[in-house]
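Trainee: I would like to learn how to read a structure such as this one, feature by feature. May we begin once it is displayed?

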Amino acid sequence: MKNNCIFCAIAEGEIPSFKIYEDELVLAYLDINPFSAGHALVIPKAHSEGLLDTSDETLAAIIARVKKVAAHIKTALPCDGFNIMQNNGEAAGQTVRHVHFHIIPRMAGDPLSFENRKGDMDALKALAARLAM
Ligand code: AMP
Ligand code: ZN
């Protein structure tokens, strides 16, 4: 596996994902263990580990894509708001060492806890088809 990295493998198409958006720079797909319905991840296709080893130019381009995907999710789903989360280092809860931005849809008054819940693969497949851009 390239860089021994599961997100590189997803970017290369070696491992399937519930893709919702792709362009020359990034890929966006549903988190398989979502915090909430529509929880998506935006990754650059090129490997870097976190915020600090990713160039300013790449980060600027990624955040523009995060905005685009979040805007789409917000209109396509019942969604009152959303959190953007980006973890750096094990101490901060980073489990995959390929920089990624979480888009976490929220509903007013929802009891969300920032804990992964085991995703239902059929539901994720259907949701990815609905959210495909
Ligand atoms: P973090 O804790 O910020 O490193 O987030 C990693 C996220 O990646 C977690 O929310 C995982 O559920 C998610 N994840 C891990 N493997 C996959 C995968 N193969 N497809 C989609 N999401 C994944
Ligand atoms: Zn990687």
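Trainee: How many of the residues of strand 3 are buried?

Mentor: A word on conventions comes first. This is a predicted model, in which local features need pLDDT of at least 70 and side-chain atom pairs count only at pLDDT 80 or more, while totals for chains, interfaces and linings use all residues. Residues are numbered from 1 along each chain as its sequence is written, chains are lettered from A and ligands numbered from 1 in the order in which they are written, and side-chain values use heavy atoms, with hydrogens and water left out. Helices (H or I, at least four residues) and strands (E, at least two) are DSSP runs, numbered from the N terminus. Buried means under 20% relative accessible area, exposed over 50% and partly exposed in between, with a 1.4 Å probe and protein chains only. In strand 3, five of its five residues are buried, and the strand is mostly covered.

Trainee: Which way do the residues of strand 3 point?

Mentor: In a regular strand the side chains alternate between the two faces of the sheet. Here Ala40, Val42 and Pro44 point one way, Leu41 and Ile43 the other way, and all are buried.

Trainee: In what order do the five strands of the sheet lie?

Mentor: Two strands pair if DSSP finds at least two bridges between them. The sheet is open, with antiparallel pairing and the order 1-2-3-5-4. Strand 1 (19-22) and strand 4 (81-85) are at the edges with a single partner strand each, so one side of each lacks a neighbour in the sheet.

Trainee: How many bridges join strand 2 to strand 3?

Mentor: Strand 2 (residues 26-30) and strand 3 (residues 40-44) are joined by five bridges. Opposite residues include leucine 27 with isoleucine 43 and valine 26 with proline 44. Strand 3 is also joined to strand 5, by three antiparallel bridges, and valine 42 stands opposite phenylalanine 101 there.

Trainee: Which strands does helix 2 lie across?

Mentor: Contact means heavy atoms within 4.5 Å. Axes are lines fitted to C-alpha atoms, for helices over the stretch in contact, and angles run from 0 to 180 degrees between N-to-C directions. Helix 2 (residues 56-76) lies across strands 1, 2, 3, 4 and 5 (101-106), at about 20° to strand 5. Helix 3 (residues 121-131) touches strand 1 and strand 2, and its direction makes about 135° with that of strand 2.

Trainee: Which residues are the protein donors of the zinc ion (ligand 2)?

Mentor: Donors are N, O and S atoms within 2.8 Å of the metal (3.2 Å for Na, K and Ca); water is not among the atoms, so sites may look incomplete. The donors here are Cys5 (SG), Cys8 (SG), His47 (ND1) and His98 (ND1), 2.1 to 2.3 Å from the zinc ion. Their sequence spacing is C-x2-C-x38-H-x50-H. Cysteine 5 is buried at 5% relative accessible area, and cysteine 8 is buried at 2%.
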